[in-house]
Amino acid sequence: MLTLTTQRGLARREFLTLGSLGFAGLSLASLLGRPAAGAQSPPLVTGRSVIYLFLQGGPSQFETFDPKPELPDSLRTVTGVTETSVPGVRFGSKLPQLAKLADKLTVVRSFQTNNGGHNIEPIVSPSSLQANIGCLYSRVVGATRPDTGMPTNSVVFADSVDSKVLKGKARGDISATGALGAAHAPFIPGAGGQLQRNLKLNLPSERLADRAELAAQIDALTEQIDDAALDHLQKQAYQVLLSGGVAKALDLSLEDKTTLDRYDTAQYVRSDGWRQAKRGQAGMYTGHAKALGKQLLLARRLCEAGCGFVTIHDGYDGVWDWHGDGNNLGAYDGAEACIPALDHAVAAFLEDCEARGLADKILLVISGEMGRTPKLNNRGGRDHWAKLAPLVLAGGGLPAGRVIGQSTRDGGEPATEPSNPKHLISTILHSLFDAGQLRLEPEFAAISRLAEHAEIPAA
Amino acid sequence: MRTPLVAVAIASAVVLGSAPSGNGTAALAAEPGSLRAIIIELAVPGQPLTLAGRDAARQLIVTGTDTLGKFRDLSSRATYRAQPAGIVAIDPTGHVTPLAEGNATIDATFGGKTSAPVEIVVSHLATDLPVSFPNQVVPVFTKFGCNAGGCHGKAEGQNGFRLSLLGFEPADDYQYLVQEGRGRRIFPSAPEHSLLLRKAAGLTPHGGGERFAADSPYYRVIRRWIEQGAPYGPADAPVVARIEVFPAARLLPRDSSQQLAVIAHFSDGTAADVTRMTQFDPVQPEMSAVSATGLVTTKNLVGGAAVMARFQSQVAVFQATIPRGEPVEQLPPAANFIDELVFERLRDLGLPPSPVGDDLTFLRRATIDIAGRLPTRDEVEAFAADADANKRSALIDRLLGSDDYATYFANKWSAILRNRRRSASDKPEPTFAFHEWIVESLATNKPYDQFVREVLTAQGEEVKSPPVIWYREVKDQTAQLEDAAQLFLGQRIGCARCHHHPFEKWSQQDYYGFAAFFSQLDIREAKAGKKGNAKKNEPDTPGEPFRVLLKANTPTAVHPRTGLAVPPAGLGSPPLAIDKNDDAREKLADWMADPANPFFARALVNRYWKHFFGRGLVDPEDDLRMTNPPSNPELLGALARHFVEHRFDLKDLVRTICHSRAYQLSSTPNAYNADDRQNFSRFVPRRLHAEVLLDAIDAVTLAKTSFKGVSPETRAVELPDNLFDNYFLSVFGRPDAASACECERSGDATLAQCLHLFNSTDMLGKLAGKRSQTLGNDKRPHAERIRDLYLVALAREPRPAELAAFVAYVENKPKNGQEAYEDVIWTLVNTKEFLFNH
């Protein structure tokens, strides 16, 4: 462990070996071994994490979780259907792995975002105080874990796990903090951000060692202002900077090979990259298929290391935007280009969490910003649709193997009590927080009010 | 080493009327004097205690008085005797329960002394009294947390079973339990099979586990209630008017204990012991703990420790005073009434304070707290050289007269008055104007009541009438009254919107009476203008500013439960008849500014006390509820009186506080007061506020942070509203003005802050700024250059050893003078002495 003594040499030697010795104090085991919120967490939190897998572009409800096989050709899923492990529930046929795991899922068929354009709602919207939902978590627990430096709120883009794919980009400011303050901006592995820049040593380690040594000398000469918490944090800061512990949580090459292979979705990359659509030429379908599995793996590692909220941004400008208009693929090709990687990645994640005993500790949410039109357009595409959108929840201790709500016969609107992003955000907040405790803290009144909204029924 | 005279004061101060009287030679001996007498408390000669019915019980409180006049709780140590036997049972804690009808006498013996006998009468065992649902069943749900906000008490209930929060609505509970759950929860034919009992006793799987045992008195009373057919009880059954905790206050050594008894007084004039039905909670869990049976145990900290007792909708507190018991001999001469009261408290507690701190420490402390900045090098040198004995007072006056005072306090008020923009697209003029108005009000020392009146009664349009911006953030009545109550009265009454306040006396009636003051408002949102189409000859549509207008209606609010109109009423005051053409808010401002108002002045002086001492006399500073008593009630009262007598003069208040020796005490702890946060026996260091810290770093490095949208000289404390996105300010806890609570401003240390100060390119850039350049190229000896930094950063001369260490460091780095000075500055700004006001 780090002890900064005033004896020259010794302190310095110790200090400079921190980088390699760092594992003693801040090993991957200690980073990854603790639950998302440890024993010292304030009682405001439940200890659960949330991963929000956001499918940019507006995924189709028909080709995914609400296929409507009984409808005529121009309406029903273009992919055919598959029976699932839940009797009577069918998914689109491009989801064979998730169909087998349907008993682990909660499928909401009455969800509407009431939004028909490209943006990043519900991740950032007026319903989340114009901040990434994860900022609400960060605001309550702090931007980093005090013991490890692990950020509590992250966004994972495709290029966070693979430097060779097209750089990730969302249709809006996914780092928005609203009025919660820049300190709560999500940590974006591979994409900078102030916290991440501060986690990387910006001066030679020799120079930091000089300064630390000088500081220790001066400290010993000065009347001490007693603040053990700050002393501890300063030592932690040296450790974090020199050992790169957080970086290790991000390093997928440290993951077990079998696990890595199980998550890997690179097999779904098509050799021509779907060049017939402009998004294909830009490399978006390739980036999506190549990275999505690893994005989920990284999200799982982040949660294990103490990150309470991870946004996975999938699909760049919108690989799920299946207009069939030359920019985008249509429904048939879009389903082929987008869904298998999703099916594979989420199935790998669910199995992995189950095996690691994390199923109840992590809530996975899957949605986009909207759904797609019931009727195919004349190019075989589906256009924007505000009144119904796919939403799937898994884990987090929610009862599973259920379908909540029903859509109308044409798959265009909820036929039962609709759920909207306000319900979803309340469900997420209830998963993260002890809402009863939270509302006793006036400091968090604005956040607590969001949790007072009704949750998704029975979720 | 003992100070006998001290204890007399404490004994008479904290032990209320019903306690035995001391003999005038009391002492705070840690080892007790020999026992003089023991008594059973609350027994009135000639009036026997009564136990009516099988569920009745009585907690005896047995107090021993020693020859030094000191009291000791013997409730769990005395031996009890009841004669004749077989009428009552008494457990070792002094809890009496009935066995058979009849009369008995009880006495208690300890250390060879026996108390006077107390008579007790047991009745109504042969024929049961009907169980009262509201008075006997519902309190069980509260006691065991069944109806807590995290469980069945939350609005949607828990797993389909709902109870009213903390049992505030027994009629609703009756409906949920008996009528809605027909046949499921209650089986009158086989009470033990009732789901209610099986779940609560853990006999059927229950998410909340076993709450009480199947043979406990709580189980039995519910079972008998079901046996009796689960009646609600008569509609005119007596209700609890108030509860009383006995003793109300006691002096308790550290690591000692005191049994409490709780008596409920009913509307029909009867009283009953409800100790075991009462829910107890320590207000300062770090200072005391309390068992479910009401046994309070003190811990190791010194000062006041309250315990809250709750029975039905009533609350009461027990106040323990935990002394340190050291002689307090060296007190600085009192400068004013603050010192008299702080020192009296310290003498009572036997807690010796630290001495008064040195001049330069005071200079830095007062400059930061009054003017929100570090003293300049010139100020440090001048203050050190000033031989005037009154130089501290002169400094306070000079700082109060400076623009910096108004700027700094405007920074504070701007946040809690919600002077904020929601997004960068909001135009800045309205918030800038409100900020300017606040600065101006403080600079001209507008009386506080006037200041508040102008905010509360603001009307007209933004910019022209700057304080209307408060209403832009508190748009609906709920927000208006809750913010006004919290901000100006220290009352968090939000809970009473939906239910009786769980820790206070406020009911929904109080809440909506207060809401009615705001019922004439007509708030018009700003509208953006529209450019007309010139080709089509369309004119431009002008935008509309944000406006606050008044409607001419009779002010009332609707009580959501009764549906009745509630007229305006100040909290705890009678309703007012206000004409529809009058602005009810004026009457509210009148009510607040009334010298007899019990909240207004206290809330402000407590808020300012917190500003200067880091902790309110009531803490949190805007939560002045009765169950959160002040650590020094006399001082809070005296400060409030002073403030009223001086016509709400804010500068005078600051002057009075800063002038006190209590404020000027050293932060260095002595052998006794390192843990003291509550009694102000030393100055407790605290981290500089985000804005002050950033300005301080700028001043030391001579590298000014610039902010978009304001002039380049603007310092962080001068920023007019929240919307200047800056990672430094945010990570160091600048508030976002999203609530009326000062708790938004966080002084907590975080790892992200350390990383930023240690390693951000931002900081590294500042370190390479003008200061290190100048010092690196300076030709003076290193010692002089380093002295400069000490004066600027720490407002003091370097000590020889410090100077030697720095000089040696710089000399070892001959290559690049500037780099060495970057390291020196880095080191200084990362010391706690720099980061803290101390």
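Residues are numbered from 1 along each chain as its sequence is written, and chains are lettered from A and ligands numbered from 1 in the order in which they are written. As the model is predicted, local features need pLDDT of at least 70 and side-chain atom pairs count only at pLDDT 80 or more, whereas totals for chains, interfaces and linings use all residues.

Chain B contains 29 helices and 28 strands, these being DSSP runs numbered from the N terminus (helices H or I, at least four residues; strands E, at least two). The C-alpha trace of chain B spans about 100 × 90 × 55 Å along its principal axes. The radius of gyration of chain B is 32 Å, which agrees with the value near 28 Å that a compact globule of 838 residues would have; this radius is taken over C-alpha atoms, and the globule rule is 2.2 Å times the number of residues to the power 0.38. Of the 838 residues, 50% count as buried, a residue being buried if 20 or more other C-beta atoms, placed from the backbone, lie within 10 Å of its own, exposed if 12 or fewer do, and partly exposed in between.

Strand β4 of chain B (residues 62-66) is mostly covered, with 5 of its 5 residues buried. B:Val62, B:Gly64 and B:Asp66 point one way from β4(B), while B:Thr63 and B:Thr65 point the other way. Pairing requires that DSSP find at least two bridges between two strands; β4(B) pairs in the antiparallel sense with β1(B) (residues 35-40) over 5 bridges, B:Ile40 standing opposite B:Val62. A further 3 bridges join β4(B) to the antiparallel strand β5(B) (residues 71-73), where B:Asp73 stands opposite B:Thr63. β4(B) and β5(B) form a hairpin with 4 residues between them, and B:Gly69 in the turn has a positive phi of about 85°.

Among the helices, α15(B) (residues 508-515) is mostly covered, with 7 of its 8 residues buried, including B:Tyr511, B:Tyr512 and B:Phe514. What covers these buried residues includes α14 (477-489), β25 (557-558) and β26 (565-566) of chain B.

With contact defined as C-beta atoms, placed from the backbone, lying within 7 Å, 50 residues of chain B are in contact with 47 residues of chain A. The elements of chain B that give two or more residues to this side are α22 (727-731), α23 (751-759), α24 (761-767), α27 (800-811), α28 (817-829) and α29 (832-835), and α23(B) gives the most, with 7 residues. The residues on this side of chain B divide into 19 nonpolar, 18 polar and 13 charged, where Ala, Val, Leu, Ile, Met, Phe, Trp, Tyr, Cys and Pro count as nonpolar, Asp, Glu, Lys and Arg as charged, and the others, Gly among them, as polar.

Methods:
Contact = placed C-beta atoms within 7 Å.
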